[in-house]
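Student: Could you pick one part of this protein and go through it closely with me? I'd like to see which residues pair up there, and what else sits around them.

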Amino acid sequence: MKNFIMQYSQKTVQELTVEQIVLNMAAALILGLIIYLSYRFSHSGAVYSARFNVSLLMMTLITTMIMNVIGNNIALSLGMVGALSIVRFRTAIKDARDTAYIFWCIAVGICCGVSYYALAAIGTGMIFLVLLLMGSVKANDRYLLIIHADEESAGKEIEELVLVQYKGKASLRVANRAKQQLEYIYEISSKLIEESKKSGTNPVELLRNIEGVYRVNMVCQNEEMSR
């Protein structure tokens, strides 16, 4: 059995010509640039990283180069898997879509490495269109309304004002009460913020006018900043 596997692996080894290697790398470069442009135009977050975008292009080329080395050599492919399995990546992914881009680059690199240009091109075109169409989808931002007061008597007035201004839809998350110290934290959806702007009223200013309230903060909390 061992001899059969060795003979089979030796018979199936095909060395790529220089022209084929150049063609594979050129196809990977073109498709990698498409991935680069897709990430650039579809990523609307404030944490956009140009270095990460360049690394996507490099990842496509590197994967293609690895596939050129492996070819259809079973022994070499097993050795390459063992060598790559010792690599550990600790880079934090800031956006969930970045994971999709990484797998996209690896898939394109594999396809170009084995000369499946049609599959790589069609797949890249479809993914590119989907990401451009869905790239405008924004995270569901949540706002935290943080209120500090130094008089206990202000508590009831604060609760009533928030109840009226946000139509009872503001969720009370924290209510800390101490001697001459009050802290309220409400979670408010972006829809409620837009409705308050359209009505022309500013709940933050109304809260500041309450006697005893000395600080009112509005903090935006979204998926990008929470990672």
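Tutor: Start with Arg 173, which is exposed at a relative accessible area of 53%. Here, exposed means over 50% relative accessible area, buried means under 20%, and partly exposed is anything in between, using a 1.4 Å probe and protein chains only. Keep in mind that this is a predicted model, where local features need pLDDT of at least 70 and side-chain atom pairs count only at pLDDT 80 or more, while totals for chains, interfaces and linings use all residues. Residues are numbered from 1 along each chain as its sequence is written, and side-chain values use heavy atoms, with hydrogens and water left out.

So what does Arg 173 pair with? Its partner is Glu 187, and together they make a salt bridge whose closest N and O atoms are 2.8 Å apart. A salt bridge means a side-chain nitrogen of Lys or Arg within 4 Å of a carboxyl oxygen of Asp or Glu. The idea behind it is simple: side chains of opposite charge can pair when their charged atoms come close. Arg 173 sits in strand S2 and Glu 187 in strand S3 (residues 181-189), so this bridge links distant parts of the chain, 14 residues apart. Helices (H or I, at least four residues) and strands (E, at least two) are DSSP runs, numbered from the N terminus. Glu 187 has a relative accessibility of 21%, so it counts as partly exposed.

Arg 177 forms a salt bridge with Glu 159, with 2.9 Å between the closest N and O atoms. Glu 159 belongs to helix H7 (residues 154-165) and Arg 177 to strand S2 (residues 171-178), so the pair ties together parts that are 18 residues apart in sequence. Arg 177 is exposed at 54%, whereas Glu 159 is partly exposed at 31%.

Have a look at the loop between H7 and S2, too, as that is where you'll find Lys 167. Its phi is positive, about 55 degrees, although Lys 167 is not a glycine. For background, most residues other than glycine have a negative phi. Lys 167 counts as exposed, at 59% relative accessibility.

How many salt bridges are there by this rule? The count is three, and one of them joins Arg 208 to Glu 205, with the closest N and O atoms 3.0 Å apart. Both residues lie in helix H9 (residues 203-208), three residues apart, which is about one turn of the helix. That spacing makes sense once you know that an α-helix has 3.6 residues a turn, so residues three or four places apart point the same way. Arg 208 is partly exposed at 43%, and Glu 205 is partly exposed at 36%.

Now step to helix H8 (residues 190-199), whose buried residues are Leu 192, Ile 193 and Ser 196. Looking down the axis of H8, these buried residues fall within an arc of 105 degrees, so they line one face of the helix. That arc is taken from the directions that run from the helix axis to the C-beta atoms. On the other side of H8, Lys 191, Lys 197 and Lys 198 are exposed. Just after H8 comes Gly 200, with a positive phi of about 85 degrees.

Last, the aromatic rings. A search of the whole structure finds four aromatic pairs. Rings of Phe, Tyr and Trp (its six-membered ring) pair if their centres lie within 6.5 Å, and planes under 30 degrees apart count as stacked, over 60 as edge-to-face and the rest as tilted. Tyr 39 and Phe 52 have ring centres 5.5 Å apart and planes at 55 degrees, so this pair is tilted. Tyr 39 is in helix H2 (residues 18-42) and Phe 52 in helix H3 (residues 50-70), so the pair links distant parts of the chain, 13 residues apart. Tyr 39 is buried at 2%, and Phe 52 is buried at 18%. Tyr 184 and Tyr 186 form a stacked pair, 6.2 Å centre to centre with 20 degrees between the planes. Both of these tyrosines, Tyr 184 and Tyr 186, are buried. Back at Tyr 39 and Phe 52, those two form one aromatic cluster with Tyr 101 and Trp 104.
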